[in-house]
Amino acid sequence: MKVVERKIKTKDFEVVKNKLKDLVNSHNFAVLAEHDFGAILKSKGKNLGKNAIVFDICNASKAHEILTISPIEGINLPCKIGIFEESNGYHVAYLDPKAIETNDESLKSIFKEISGVLEEISLKLSE
């Protein structure tokens, strides 16, 4: 799967995290889970030393459409978008649904639409 990444200008992790959640909600998606890899690794005795969080997000209507067409596509759900701290600041990255291979034109159309939402969220975070 293709990863799309952008640099974020904001330097405050909590501000970026909250902005991402607000943007997700404003596009009728919901955050299903947060995977804070720094905290997860710390609980296992490992120190990542930087922020890294991945959100599982979903739009119930789009998920229903996808699963109605092909239940096996559930393997590609939910969408993933994350915020990562690098030496030069924060980055937002997501797995691009357009890169999912399928011969079904309806699925391609839905994946393209979802990709557009993720693109818009990442662009607004990088402003």
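The dialogue below treats the cavity, then the salt bridges, then the aromatic rings.

Trainee: What kind of model is this, and how are its residues numbered?
Mentor: It is a predicted model, in which local features need pLDDT of at least 70 and side-chain atom pairs count only at pLDDT 80 or more, while totals for chains, interfaces and linings use all residues. Residues are numbered from 1 along each chain as its sequence is written, and side-chain values use heavy atoms, with hydrogens and water left out.

Trainee: How many cavities of 30 Å³ or more are there?
Mentor: Rolling a probe the size of a water molecule over the atoms shows where empty space is left. Here a cavity is a set of points, on a 1 Å grid over the protein atoms alone, where a 1.4 Å probe fits but cannot get out. Grid points are joined across faces, edges and corners, and the volume is the space filled by probe spheres set on the points. By this rule there is one cavity of 30 Å³ or more, and the largest cavity has a volume of about 50 Å³.

Trainee: Which residues line the largest cavity?
Mentor: Lining residues have an atom within 4 Å of a point. Among them are Phe29, Ile57, Asn59, Lys62, Ile66, Leu77 and Ile114. Strand S3 (52–58) and helix H3 (60–69) are the elements that give two or more residues to this lining; helices (H or I, at least four residues) and strands (E, at least two) are DSSP runs numbered from the N terminus. H3 supplies the largest share, three residues.

Trainee: How does the lining of the largest cavity divide into nonpolar, polar and charged residues?
Mentor: Nine are nonpolar, one is polar and one is charged. In this scheme Ala, Val, Leu, Ile, Met, Phe, Trp, Tyr, Cys and Pro count as nonpolar, Asp, Glu, Lys and Arg as charged, and the others, Gly among them, as polar.

Trainee: How many salt bridges does a search of the whole structure find?
Mentor: Side chains of opposite charge can pair when their charged atoms come close. With a salt bridge defined as a side-chain nitrogen of Lys or Arg within 4 Å of a carboxyl oxygen of Asp or Glu, the search finds eight. One of them joins Asp56 and Lys80, whose closest N and O atoms are 2.5 Å apart. Asp56 lies in strand S3 and Lys80 in strand S4 (residues 79–86), so the pair ties together parts 24 residues apart in sequence.

Trainee: Is Asp56 buried or exposed?
Mentor: Asp56 counts as buried, at 9% relative accessibility, whereas Lys80, at 31%, is partly exposed. Buried means under 20% relative accessible area, exposed over 50%, and partly exposed in between (1.4 Å probe, protein chains only).

Trainee: Which residue meets Lys62 in a salt bridge?
Mentor: The partner is Glu113, at 3.1 Å from N to O. Glu113 belongs to helix H4 (residues 105–125) and Lys62 to helix H3, so parts 51 residues apart in sequence are tied together. Lys62, which also lines the largest cavity, is buried at 16%.

Trainee: What of the aromatic rings?
Mentor: A pair of aromatic rings is described by the distance of the centres and the angle of the planes. Rings of Phe, Tyr and Trp (its six-membered ring) pair if their centres lie within 6.5 Å; planes under 30 degrees apart count as stacked, over 60 as edge-to-face and the rest as tilted. The count comes to one aromatic pair. Phe13 and Tyr90 form this tilted pair, 5.5 Å centre to centre with 40 degrees between the planes.

Notes. 1 Å grid on protein atoms, 1.4 Å probe; cavity = no way out; pocket = protein on both sides within 12 Å on 5 of 7 lines; lining within 4 Å.
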